Amino acid sequence: MRMLKVATCNLNQWAMDFECNMKNIKASIVQAKAAGAAIRLGPELEVTGYGCMPVRLVRVIRFGLFNSSSSVRILWWDCLKELLLGDWTNDILCSIGMPVIKGAERYNCQVLCMNKRIIMIRPKMCLANDGNYRELRWFTAWKQRGELEEFHLPIEISEALSQESVPFGYGYIQFIDTAVAAEVCEELFSPVPPHAELALNGVEVFMNASGSHHQLRKLDIRLNAFMGATHARGGVYMYSNQQGCDGGRLYYDGCACIVVNGDVVAQGSQFSLKDVEVITSQVDLDAVASLRGSISSFQEQASCKVKVSSVYVPCRLTQSFNLKMTLSSPKKIMYHFPQEEIAFGPACWLWDYLRRSGASGFLLPLSGGADSSSVAAIVGCMCQLVVKEIANGDEQVKTDAKRIGNYTNGEFPTESKEFAKRIFYTVFMGSENSSEATKMRAKQLADEIGAWHLDVCIDGVVSAVLTLFQTVTGMRPRYKVDGGSNVENLGLQNIQARMRMVLAFMLASLLPWVHSKPGFYLVLGSSNVDEGLRGYLTKYDCSSADINPIGSISKQDLRLFLRWAATNLGYQSLAEIEAAPPTAELEPIRSDYSQLDEVDMGMTYEELSVYGRMRKIFRCGPVSMFKNLCYKWGTKLSPAEVAEKVKYFFKYYSINRHKMTVLTPSYHAESYSPEDNRFDLRQFLYNSKWPYQFKKIDEIVDGLNGDSVAFPGEEASYGKEVGVVAANSGDPSAGL
């Protein structure tokens, strides 16, 4: 038996905070060495933080990280030099993620080091360039798959290490007893992943450094890829990831793992407040060789393989059979329910943002409705996680909590409600249109969480604005139920909504001063992904905030979360809040009229989720969406009715698309998010009449009216049908 101890990790890195990142890297190496590991794998771009890619990286290179144009001394090289000059890499192979500039190109690299030497530099060959990722904007993909090239180290690094150059490119390291190679994040998901070719060349250990973000219901896709990589060809697959908010909308969800021959033998947490989490496994490489020897097709393909370049290192990584060693065995994979993902992911993201922003807490306009109550529950969950982690002995969380909560005399949080009282303000900003029921729900939920709750009436402020308007114009608008026009009705609702935003930011900046607390409070937004898609929000209302933990979560999922949180977080009022019909409460309540969200929108939240997924995930324009919904809804609606629904959605989607340009930075959780800053890049000025597309839909409906059409309905293969139709629809953004 060739016994090998390997270690991989989740690291909570912060883009451009080299001190923080180096501290975590060193801690992970120390833990790996203490466990007796021969290999330590870190996340992608762990030195700089993965989120360094946008303009920040360009600025890093242009301004401040070169001491002079002649020395070409870059801070990330300084960090690597610090690791190599110390004893960090002694007797352990370390894979360190950082950018490397070679000639005129900039590469996303894994630097493989051991015993104070750089063994080779492996540049990333397949760059992530969709959804949240724009790697091609900042890096170049390595395209040479032939011989390794010689890379001359920066002069100061070369002199410090007494090493002039290193091999650079696609290849692997051949040790005396095994072969090890890197595969960087996106490469695993490419049509022809490197590990397939490397396995045929005898590589037994694969190290995947990643920067993968959380998305609801996504983890199984990732884990299936790891298991599939070694199930049919054998091998040890190590995966490392960042974990936390490194300065942007994404939450990197960790889940570092080790897979042997298709079985998961170690798995790290998906959501955690820890800055460093290291997992290790003792694996038998002879089991890899045995599996490969039993697969005839593997042997045949290996005999005519394309040779991959390698670097020989005359060292041993494995140990011989020893009963004192415990061999890692397959374990059951841990998956969270979507409700748990909504609770823990945004809660951890909020904690990182809070502790790194310098703020002293959060302020939330709490209406008593489902959305703002979901945000409040997530903050409550964050407080529970903080107290739990402190009880588990995490000194960093304890230090941060003491500073944020303004604890003195050695005190620290021991109870979540007491901690919430120090860092969380909720404000019910009622008007003459608010019901007593929502007011009481907001108060009850705030009490259950422990928040400092305020009840404010905004009628005086709204009245003052209307009086000013009347003085200027001589006219006073009326609600529709009182005989006013649609324009007047909408204007009156917008005034209330925008006054709440102004008041929220004023309270967030001044309430700490009122209570003799240091710092400021971050305002939390509470609009969901479906409202953003439809544009069912006032531009610059309470949807405008500092950050929004639910801005990429659907109403359907939030309602599931509320039911779960009522029991599992102990906030019983959430059950009543979830059961109440959604309403903005911006219009007067009458005996024969009560404002409801779905009536206002002209569509249900369930329908909005369908529209959103078809528009973004399946790339449907109006015509292809209509065709597919004829299949999906054909048992319930006629083609003409489906056509009207599709046209109604696209009309209001396009009219309100401009609102997405100022959407509050939100936690990314959903694959159909309309967030305009980074994920869903589209125009924001449309011809909302869609004349050509809508005409085509009408022509199809007219053609169907004379035919006998049988639609398969719900049992149709929705994903397949959407894919087929969308594939023939041209450009999904501007086409049919």
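Reply: Domain bounds here come from an automatic or database domain assignment. This is a predicted model, where local features need pLDDT of at least 70, side-chain atom pairs count only at pLDDT 80 or more, and totals for chains, interfaces and linings use all residues. Residues are numbered from 1 along each chain as its sequence is written, and side-chain values use heavy atoms, with hydrogens and water left out.

Me: Which domains is the protein divided into?
Reply: Domain 1 covers 3-55 + 72-335, domain 2 covers 339-464 + 491-594, and domain 3 covers 602-735.

Me: How far apart are the C-alpha centres of domain 1 and domain 2?
Reply: They lie 39 Å apart.

Me: What about K274, which residue does it form a salt bridge with?
Reply: K274 pairs with E389, and their closest N and O atoms are 3.3 Å apart.

Me: Changing topic: why does the radius of gyration agree with a compact globule?
Reply: Because a compact globule of 736 residues would have a value near 27 Å, and the protein has 28 Å. The radius is taken over C-alpha atoms, and the globule rule is 2.2 Å times the number of residues to the power 0.38.

Me: What box do the C-alpha atoms fill?
Reply: Roughly 90 × 80 × 55 Å, taken along the principal axes.

Technical notes: Salt bridge = Lys/Arg side-chain N within 4 Å of Asp/Glu carboxyl O.
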